[in-house]
Amino acid sequence: MEDEKIIELYWQRDEEALKQTNEKYGAFCYCIAQNILKNAEDSKECVNDTWFKTWLVIPPKRPEFFQAFLGKITRNLSLDRYRKSRASKRGAGCMDVIYEELEECIASRETPDGQTDAIVITDALARFLSGISRDARVIFVRRYWYADSVARIADRYSMSESKVKSSLMRSRNKLKAFLEKEGISV
């Protein structure tokens with residue numbers, strides 16, 4: 001079913017919208033949650049929470065890009081669950097590695113300056129990504145948005161892990177230089 005028709009079902013408050021959304025985007029949302037949480041049960045719960053939140057926000061919202069809308073909800077719910085889990089367990093996780101990789105480029109949002117600059121950084125990041133090659137952008141987004149492992153990215157795009165790591169390192173270095181040029185402290 002086309003996205004517009006699914007969204008219309010939400011507007012009509014027809015529960016078929018949930019079934020159609022799960023059929024079309026369930027695997028996509030589960031993959032995002034699983035990449036972050038590394039736990040099947042928690043990932044399934046996040047996907048179900050995504051459907052619930054979608055039901056609550058449509059209407060009044062009418063998302064223009066439904067898949068991205070669902071992906072963002074899933075990612076945010078998964079990150080929230082990850083943080084809660086991390087706070088209680090204090091164990092190391094994959095998101096820690098991802099945050100460490102970006103630490104040199106982007107200030108932590110935990111600081112007051114980091115919170116203030118979040119909107120500015122988001123805009124700058126979008127401009128940065130539009131200015132790099134498609135391959136570098138795809139690798140960067142798969143790693144830092146979808147939380148894919150280096151091995152998974154390499155397998156998905158039929159390249160070596162060292163090529164993925166090199167691309168990520170070059171992109172991070174370019175991002176750092178770009179942000180400094182934009183006057184954003186790193």
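R81 is partly exposed, at a relative accessible area of 22%; partly exposed lies between buried, under 20%, and exposed, over 50% (1.4 Å probe, protein chains only). The model is predicted: local features need pLDDT of at least 70, side-chain atom pairs count only at pLDDT 80 or more, and totals for chains, interfaces and linings use all residues. Residues are numbered from 1 along each chain as its sequence is written, and side-chain values use heavy atoms, with hydrogens and water left out.

R81 forms a salt bridge with D42, 3.4 Å from N to O. A salt bridge here puts a side-chain nitrogen of Lys or Arg within 4 Å of a carboxyl oxygen of Asp or Glu. The pair links helix α3, which holds D42, to helix α4, which holds R81, 39 residues apart. Helices are DSSP runs (H or I, at least four residues), numbered from the N terminus. D42 is also partly exposed, at 22%.

R156 and D148 form another salt bridge, with the closest N and O atoms 3.4 Å apart. R156 is partly exposed at 43%, whereas D148 is buried at 0%. Shared partners join D42, E45, D49 and R81 into one network of salt bridges. The count comes to 12 salt bridges.

Now helix α1, residues 3-11. D3, I6, I7, L9 and Y10 are buried there. R13 follows α1, with a positive phi near 60 degrees.

Terms used
Helices (H or I, at least four residues) and strands (E, at least two) are DSSP runs, numbered from the N terminus.
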